[in-house]
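Please look through the sequence and the structure below.

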Amino acid sequence: MRAIVIGIGYRGDVQPLVGLAAGLRAAGYSVTVATHDEFAPLVKEAGLGFHLLPGQVAQFIGGPAGAVLRDRISDRARFPSFAQSYMYGFLADLLDAVWAACRNADMVFGWPLTRMLPTLAEGLGVPCFVVAPYPVPYFPTRAFPNPFENDRPPPEPPAGKTRHTWLRGRVAFGTFAQPVLDAWRGRLGLAPMPWQVERRRLRRLPHLLGYSPWVLPRPDDWPANVHCTGYWVHPIRPDYRPHAELEKFLADGPQPVVFSFSSQVSKRTAVLTDAVLGAVERTGQRAVLLAGWGGLRVRRLPPGVLQVPAAPHDWLFPQAKAVVHHGGSGTTAAALLAGVPSAAVAFGYDQPLWGTRLARLGVGPEPIPVSEVTLDRLTDMVSDLVSNPARWNSAARAAAVLRAEDGVGNAVALVRDYLTRA
């Protein structure tokens, strides 16, 4: 059977999908990953088929538009105008490219928030699986509040009183890019689909959520077609070698604290950069700064600090004394699997949720919203991570539990079961 895996977003979104795709290929399926050019090497190194999608989403989200998106994603009054200004043209091209990638597929795997899966299921007449590395916003639960609010964890309502937090932004999501979706369906010979109908169809699709139920337990009020499989790990090549400067830096001194904020953008980048360098100096640590598209801005590095554009997390994090990151699902998984203390400076989206889970697991202190970062607070976070023995014990336990999970194997088994019953 021919499977198409649609990978859109950051590397943290796409790399787990490559891990899932590799598992499907090992199980005997013919798998092509449809994604952007920047991820072509990752896909091809895994021995998977590659289909080019337009645009570079990570750079788009890591630029000024990303900051606007994060600020307005839950604002139903302002979000439609933002979407029309920044995203409609790109989305129209993307939808046509996705259809071209999928038209000969026997099954499709895709991210839900682009609103393409119900149309693909209808137009192609093949099984479609929703894949995501986090809880999706259209399945409310009493177990935890909606994390897709802002850069801080939402207040914890009384037990069983959280479902109302999931209502905010529901209409904004439901009507996002409706004219683009209607036009796309017209080009495919399909009638317009009201967003309420689309969402009902989306909710009926099988959902594979690629995170650990040990890290965030699956709510018992979710329907049976929503599965938390465990993390989809795509291991680094055994022959990987880093840039010589990074390799030498790691060999020349004590383990560093790694700071990794991916492609996140903030109006307070200068404040965050000063706080990072100040916290390193105050705590006497060496540091590696991973500077993604949106990342830290450093003109002159002090001794004992190295800045590099990127490095594989599953290679670098195990060599760190601690990790401070943005709290994305993929980065959180890498830090936990590395078995080192870690904590989050949350920029938005689902990041406050994962930062809070790290604290609940004992591997680090509570997350700091990026809007509230100060030198004192970041210094306290770093000091806690590097000097509290309990953090290391909790981190080692978390790594042992997660390494025993088989998220990819669990997901593949669920796919086989669904196809058998289809």
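Tyr-418 is buried, as its relative accessible area is 17%; here buried means under 20% relative accessible area, exposed means over 50%, and partly exposed is in between, with a 1.4 Å probe and protein chains only. The model is a predicted one, in which local features need pLDDT of at least 70 and side-chain atom pairs count only at pLDDT 80 or more, while totals for chains, interfaces and linings use all residues. Residues are numbered from 1 along each chain as its sequence is written, and side-chain values use heavy atoms, with hydrogens and water left out.

Which residue pairs its ring with that of Tyr-418 in an edge-to-face way? Some terms are needed before the answer. Rings of Phe, Tyr and Trp (for Trp, its six-membered ring) pair if their centres lie within 6.5 Å; planes under 30 degrees apart count as stacked, over 60 as edge-to-face, and the rest as tilted. By this rule there are seven aromatic pairs. In one of them, the partner of Tyr-418 is Phe-129, with 6.0 Å from centre to centre and 85 degrees between the planes, which is edge-to-face. This pair links distant parts of the chain: Phe-129 is in strand β5 (residues 128–132) and Tyr-418 is in helix α18 (residues 407–421), 289 residues apart. The helices (H or I, at least four residues) and strands (E, at least two) are DSSP runs, numbered from the N terminus. Phe-129 has a relative accessibility of 1% and so counts as buried.

Another edge-to-face pair is made by Phe-144 and Trp-222, because their ring centres are 6.4 Å apart and their planes are at 80 degrees. Phe-144 lies in the loop between β5 and α8 (170–174), and Trp-222 lies in the loop between β6 (207–209) and β7 (226–228), so the pair ties together parts that are 78 residues apart in sequence. Phe-144 is buried, at a relative accessible area of 7%, and Trp-222 also counts as buried, at 6%.

Ring pairs also link Phe-109, Phe-129 and Tyr-418 into a cluster. Tyr-418 has a charged residue over its ring as well: Arg-421 lies over the face, at 4.7 Å from the ring centre. A charge sits over a ring if NZ of Lys or CZ of Arg is within 6 Å of the ring centre and within 35 degrees of the ring normal. Elsewhere, Arg-286 lies over the face of Phe-249, at 4.0 Å from the ring centre.

Next come the charged pairs. Side chains of opposite charge can pair when their charged atoms come close. A salt bridge is a side-chain nitrogen of Lys or Arg within 4 Å of a carboxyl oxygen of Asp or Glu, and by this rule the count is 15 salt bridges.

Arg-187 forms a salt bridge with Asp-96, and their closest N and O atoms are 3.0 Å apart. Arg-187 is partly exposed at 46% relative accessibility, and Asp-96 is partly exposed at 33%. Arg-185 forms a salt bridge with Glu-122, the closest N and O atoms being 2.8 Å apart. Arg-185 is buried at 3%, whereas Glu-122 is partly exposed at 35%.

Arg-241 and Glu-247 also form a salt bridge, with 2.7 Å between the closest N and O atoms. Arg-241 is exposed at 57%, and Glu-247 is partly exposed at 30%. Salt bridges that share partners join Glu-45, Arg-237 and Asp-239 into one network.

The last topic is a sheet. Six strands form an open sheet in the order β10-β9-β8-β11-β12-β13, with parallel pairing; two strands pair if DSSP finds at least two bridges between them. The edge strands, β10 (305–308) and β13 (368–369), each pair on one side only. Strand β8 (residues 257–260) pairs with strand β9 (residues 287–290) over four bridges, and with strand β11 (residues 322–325) over four bridges. Val-258 has Val-288 as its bridge partner in β9 and stands opposite Val-323 in β11. Both faces of β8 are covered: Val-257 and Phe-259 on one side, and Val-258 and Ser-260 on the other, are all buried.
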